[in-house]
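Please open the model in a viewer and keep the selection tool at hand.

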Amino acid sequence: MMRHTFLAAAIVAAIAFPMLVTVNYFVHLAVLSMVFMIVAQSVNLIQGYTGYVSIAQGGFMGIGAYASALLSVDAGWSVWASIAVSPVIAGLVALVVGYPSLRVKGHYFAIVTMALNMVVFIVLVNWIPVTGGEGGYPGVPMPEPIGFGDWAIEIDSRQAMYYVVLAALLLVMAVMAAIVRSRIGRVLLAIRQNETFAEAAGIAAWKYKLFAFSAAGALAGFAGALYAHYMGFLSPTPFSVDASLNAILAVILGGSGTLSGPLVGGLLTVLLPEMLRVAEVFRLIIYGLLLVVVMIFLPHGLVPALVGRVAKWREARDTGASPARNKP
Amino acid sequence: MVDLLQQVFNGLVTGSIYTLIALGLTTIFGILGIAHFAHGSVAMFGGYLTFFLMTSVGLSLVPAMVVAMVAGAALGVVIERLAYYPVRMAPPINAFIIALGLTLVIEKANLLMFGVDQVIIPTPYTRVFDIGGVTFPELRVYVLAIAAILVAGMTWMVQRTWMGMAIRAVAQNRATAILMGVDVNRVSMFVFALSSALGVAAGVLVGALYAVAPGVSGGLVIKGFAVLILGGLGSIPGAIIGGIVLGVTESFSSAFVSSGYKDVISFLLMIAVLLVRPEGLMRRGTR
Amino acid sequence: MRKFWSTLAIAGAMAAFAGSGMAAEKTVVLGISDALSGGGAVYGVPQKRAIDLAIEEINSAGGFKVGNDTVKFDTIAYDDKADPTEATNVARKLIDRDGVKFLLGYCCSASTGAVASFIGREDVIMLVGTAGARAITAAGNRNVFRTRPPGDYTGAAAGAFIASQGVKKLGVLAVRDNTLFVQYREEMLKAFKAAGGEVVAVETFGGHDRDMTAQLTKLRGLQPDALFISGYVEQAAFSHRQAHELGIGVPRYGFSGGSPEQFLKVATNEQMEGAWDLLSIEFNAEVLGPVAQAFEQRFKARYGEPPSPNSAFAYDQVYVLRDALQAAGTTTDLKKIREAIANLPVPKEALLKYLPIDGKMFDGKGQAYIANGAFQWENGAWRFRTELPSDPRGYSEYLKTIRN
């Protein structure tokens, strides 16, 4: 009950936000946060729920971004169609690439995904006739107006894009919730706990892993497409290994294996640079230290730790004594 | 023909540096099961430190390099104790994330301590030897020589010394090694110290040939892992062969395909080996 | 009751006073976007330093008069790392968060091109420095002005020059994807071939590469009469160094800019000896006379090392803006300031020898021009050898007809 009111309040606040805020720049930050939250959810799916660390999500975001840009500019598709199809493209790439890669586990898998991200990045930088290389790809259009005739809503401002991205985020959350609460979600968790055990119990783990990896790729691609049409300009830099590491950081901080963790993490990683106007160098050192410290002391991330703390406090308040048992 | 030999020599030099990096990685990964991504940043730290010792303190190349290697070894032990030891019992994914976090910390700490500019380690070796049209710059010959010496030293240590035997024991079967009285803690720290020292040496060589700069470490580490995969986990001869193969492949890719895509070719090679023959080119069967 | 009337009287007096247009002290904040780290820093850091120096000079002389006000400059600077996405974020910060109206700096084409592609929609004025891609001014944005001429303006002259030196077969080693360098190279090769030359191969390297030995080995095998090397300063330096290590003895022409100090961090004097740099005559104290020499002294005193050749492109931006503000008589009416810049004669403190068209420093597309020259490395310094043909009016006509 508490959860649902909280959720409703959050959504209302999110809808009201651009109308209340006067500084354009904050709307810009909000859009970037939401895009990043989607990428964080993709990491959450493959890492938090399935237990496979993928350092390729930045690359899949890039595939989605450039695919959408190329479809809408060079191929003349409508922006809505491009945004709809790009996740499919990214997901397909993940499928093709994931099939052989998921045969290896753990560290090896992570190294392979890192190499994959680097390959994507190198192609983006060097395939100049198509992507524009490091100089970038300008002129990515905003979505066309929706509706008919006099009832058409123009999407030509930052505010309008904010709502488009918000809708997209809510869609992603619904999809994630559906996956996580279904049988597939339970199987993924079983794989994360102990893959050998799950296979011994008769699960064809590879099918579920591949699904998770492809879906994660598609989600990241979706975020990329939104990013492309919001920024209007693309260059390879936001899709490097660093971006993938940032996404992992967001999920670790916020809480992997929870639905709301990546939201918190995504928001933090976009907002922290703005709030802490210290030199970027210090900020990144703090990130790294946070990663190390969190992994040692709070391996499940901030959100679960906070939730745990709140639960304990509630229990203590209700029973009038310290809890006899710790809930994991 | 001359060009071919030239490309091979160039490839050998780069390959020897990859081998040095891979040696450190393969030992840590093979013994302790940790993918120590921060290794490249430690290598850069050593490079920067050497430059600093040479320009601000006035040491010459060799003493500066030795001091930096010792400092690198110490840093390796600190990393092992503070960051990896606490999670040795946790699922491997934790150590992995910690490795990523460490990479950030060390890489940016390097920026803080040594600035954003690239740093080129000055050497007095500018002669060029010409044998039949193939040119051998003095510096590159020394790089190859130093790498060879260090690799040989490492091999000797692993085969002939007590600590080397302990390392091999832990690599074969950690639980049994503990039962047999091997102090796994000591082995752990020693492995990190030795690997980091080798990494620093590689960093110095890179700094002398090209530059120590932000962004170099990532490429080094991933190439190091590529060599590790090519040559087989925990195998020193594998690291040597893998390094040579990778270096020469890169050289030829750069010349005959495109310098932009040379890394793609290296990575695809690595991915192919990983999927087709995961134990590496050198190993026979699974261990 | 008495208090009420006296308060009213004082308020009235103050209002009358304020309305009389009493002279005020104003600060105009300039936004600087430049590469302060990474490969572009060799161009970006000197630019920022030059801008800071110019502002210090202006402020310490008591500022300058715009209308009745005395104006001084202040800056907010961000590192755009010569990266397009970063530069876009920096521009957003400067315009949306910091409320800046004047953007200066801009050393590198990739980052600047990205910002120029949307700056037309913003209410700011953008002064571009070393970034040389043609599209930046060719696009025709009314609020963009550039002190540095585009790459292809110099490229053609360079190609003819190389041919005139007796080179029949040329091997090229160039950075792959930087628009400025690509445009220069294409014009250079066109002119070279038109003069009867043959290009044996064009090898390329990426923007972050430091190892060109494979490409140079291949070029060595093709036995050209000369090499042409172009790229950012540090990469050009690595190329020269490795070319020397490979025993390549033929003349090496090039295009990169950069001061001797910057080259010597990577290559030795012996490795650079005899190399050429064919570029527009950037800042060179020896060539440009007493104003330039005085600037070099001040820069050295302030920063401990001499200015790089491209730093003048940024230094001059500040004086252009100052003159324009004075001519327009306002610090806030951007339309008037834009017009003032468009009609401006060359400021007297400008370091470079601009070639005004009809008395105006900038042409219809906001582009300024300087002469082209050939420099050769001799014993630790770039020595001016000869001027190369330069036709600002002709090029400006050509620029009018294209959009990128």
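This is a predicted model: local features need pLDDT of at least 70, side-chain atom pairs count only at pLDDT 80 or more; totals for chains, interfaces and linings use all residues.

**Stop 1: the domains of chain C**

Colour chain C by its two parts: domain 1 comprises 25-148 + 310-370, and domain 2 comprises 152-285. The C-alpha centres of these two domains of chain C are 30 Å apart. Next, display the contact between the domains, to which domain 1 of chain C contributes 17 residues and domain 2 of chain C also contributes 17 residues. On the domain 1 side, select α4 (109-119) and α14 (311-328) of chain C, each of which provides at least two residues of the surface touching domain 2 of chain C. Which element supplies the largest share of that side of domain 1 of chain C? It is α4(C), with three residues. By class, the side of domain 1 of chain C that touches domain 2 of chain C consists of eight nonpolar, seven polar and two charged residues.

**Stop 2: the sheet of chain C**

Remain in chain C and select its six-stranded open sheet, whose strands run in the order β2-β3-β1-β4-β5-β6 with mixed pairing. Which strands stand at the edges? They are β2 (64-66) and β6 (144-146) of chain C; each has a single partner strand, so one side of each lacks a neighbour in the sheet. Viewed from strand to strand, the twist averages 35°.

Now zoom in on β5 (residues 125-128) of chain C, which pairs with β6(C) in the parallel sense over three bridges. Within this pair, C:L127 is found opposite C:F145 of β6(C).

**Stop 3: chain C against chain A**

Show chains A and C together: 17 residues of chain C are in contact with 15 residues of chain A. On the chain C side, select α3 (84-97) and α4 of chain C, the elements that give two or more residues to the side touching chain A. The greatest contribution to this side of chain C comes from α3(C), with seven residues. Colouring the side of chain C that touches chain A by class gives four nonpolar, seven polar and six charged residues.

**Stop 4: chain B against chain A**

The contact here involves 33 residues from chain B and 32 residues from chain A. Select α4 (92-114), α9 (216-231) and α11 (262-276) of chain B, each supplying at least two residues of the side that touches chain A. Of these helices, α4(B) provides the largest share of that side of chain B, 15 residues. The side of chain B that touches chain A has 27 nonpolar, four polar and two charged residues.

**Stop 5**

Finally, select helix α10 (residues 236-256) of chain B together with helix α8 (residues 213-221) of chain C. Their axes come within 8 Å and cross at roughly 55°, which makes α10(B) oblique to α8(C). The crossing of α10(B) and α8(C) is right-handed. To see the contact itself, show the side chains of B:S251, B:S254 and B:A255 from α10(B), and of C:A214, C:Q215, C:T217 and C:K218 from α8(C). By class, the residues in the contact of α10(B) with α8(C) are two nonpolar, four polar and one charged.

Conventions. Residues are numbered from 1 along each chain as its sequence is written. Chains are lettered from A and ligands numbered from 1 in the order in which they are written. Axes are lines fitted to C-alpha atoms, for helices over the stretch in contact, and angles run from 0 to 180 degrees between N-to-C directions. Helices (H or I, at least four residues) and strands (E, at least two) are DSSP runs, numbered from the N terminus. Angles under 35 degrees count as roughly parallel, over 145 as roughly antiparallel, 65 to 115 as roughly perpendicular and the rest as oblique. A crossing is left-handed if the near helix is turned anticlockwise from the far one by less than a right angle, and right-handed if clockwise. Two residues are in contact if their C-beta atoms, placed from the backbone, lie within 7 Å. Ala, Val, Leu, Ile, Met, Phe, Trp, Tyr, Cys and Pro count as nonpolar, Asp, Glu, Lys and Arg as charged, and the others, Gly among them, as polar. Two strands pair if DSSP finds at least two bridges between them. Domain bounds come from an automatic or database domain assignment.
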